[in-house]
Amino acid sequence: MRDSEPLTGEPLALDLVNTRPASAEGRTDLLDTPERLVAWLALEEERIGSERGGDVPTEADLAAIHAVRDHTERAVHALLHGQEPPAAALRALTDAQRAAPAVRELTWDGGRVTPTFRRTGPLGLRLAALLAEAAADLLTDPAIGRLRECEADDCVMLFLPANPRRRWCSAARCGNRARVARYYQRHKQPAGREQ
């Protein structure tokens, strides 16, 4: 797994926050273009479902997603550090949900009435509402108390460990680097000694 690939598999809201990993130049935005947003949405398709439809995201849609990501990140980091989340961030997440609420659309399938959740409005508002809802689910989940930041020195990824001994965002990403660094330190030749 390369650092330029989005880390997925955490709750959807954390996957969104984790689209801004650290790099040698600072934070990198893995959702910096509509095309990269489409690629991330494809990775998250099981959880996002048909919310995108056939619509192609625009820069305005991207801005709505970035706003939800920023507010989610502020709230999550506050909780990570045992602080009260900023009221403005919580309000903005609520407003994003309110802009395109999910409505149960009822249909008859030939034998019973079935509900399908649908949102209306522009793509950016629909996606922002869905992601803000995922953030609300995460922020109100008791599991948020287990939230951790990757212990790798150069990583800012967040995760909810299933195992309390988990230390890295990903064994393939940061875990391997940490193990290689430890191996190198153990086997490094003392200064001035020839091989």
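Glu 73 is buried, with a relative accessible area of 10% (buried means under 20% relative accessible area, exposed over 50%, and partly exposed in between, using a 1.4 Å probe and protein chains only). Its side chain meets that of Arg 27 in a salt bridge, 3.0 Å from N to O (a salt bridge being a side-chain nitrogen of Lys or Arg within 4 Å of a carboxyl oxygen of Asp or Glu). Arg 27 is partly exposed, at 37%. Glu 73 sits in helix 4 and Arg 27 in strand 2 (residues 26-27), so the pair ties together parts that are 46 residues apart in sequence. Helices (H or I, at least four residues) and strands (E, at least two) are DSSP runs numbered from the N terminus.

The model is a predicted one, in which local features need pLDDT of at least 70 and side-chain atom pairs count only at pLDDT 80 or more, while totals for chains, interfaces and linings use all residues. Residues are numbered from 1 along each chain as its sequence is written, and side-chain values use heavy atoms, with hydrogens and water left out.

Searching the whole structure turns up 14 salt bridges. One of them joins Glu 10 and Arg 166, with the closest N and O atoms 3.0 Å apart. This pair links distant parts of the chain: Glu 10 belongs to the segment before helix 1, and Arg 166 to the loop between strand 6 (158-159) and helix 7 (171-187), 156 residues apart. Glu 10 counts as buried at 8% relative accessibility, whereas Arg 166 is partly exposed at 24%. Arg 118 pairs with Glu 105 in another salt bridge, this time with 3.1 Å between the closest N and O atoms. Here strand 4 (residues 113-118) supplies Arg 118 and strand 3 (residues 103-108) supplies Glu 105, 13 residues apart. Arg 118 is partly exposed, at 36%, and Glu 105 is also partly exposed, at 36%.

On the nonpolar side, the largest core has 32 residues, of which Trp 40, Val 68 and Leu 131 touch the most other members (a nonpolar core is a set of buried Ala, Val, Leu, Ile, Met, Phe, Trp, Tyr and Cys residues joined through side-chain atoms within 4.5 Å). At least two residues of this core come from each of helix 1 (12-17), helix 2 (34-43), helix 4 (59-80), helix 5 (87-99) and helix 6. Helix 6 gives the most, with 10 residues. Not counting residues up to four places away in sequence, Val 68 touches Leu 16, Leu 93, Ala 96, Ala 128, Leu 131 and Ala 132 (contact means heavy atoms within 4.5 Å). A second, separate core of 9 residues includes Cys 150, Ala 152, Cys 155 and Cys 169.

Helix 6 (residues 123-140) also holds Arg 126, which is buried at 9% relative accessible area. Leaving aside neighbours within four places in sequence, the contacts of Arg 126 include Glu 51, Arg 52 and Asp 55. Its side chain reaches the backbone oxygen of Gly 121 at 2.7 Å.

Glu 151 lies in the loop between strand 5 (148-149) and strand 6 and is partly exposed, at 38%. The side chain of Glu 151 makes polar contacts with the side chains of Arg 148, at 2.8 Å, and Arg 167, at 2.9 Å (a polar contact is a pair of N or O atoms within 3.5 Å; within protein, one must be able to donate a hydrogen and the other to accept it, and residues adjacent in sequence count only if both atoms are side-chain atoms).
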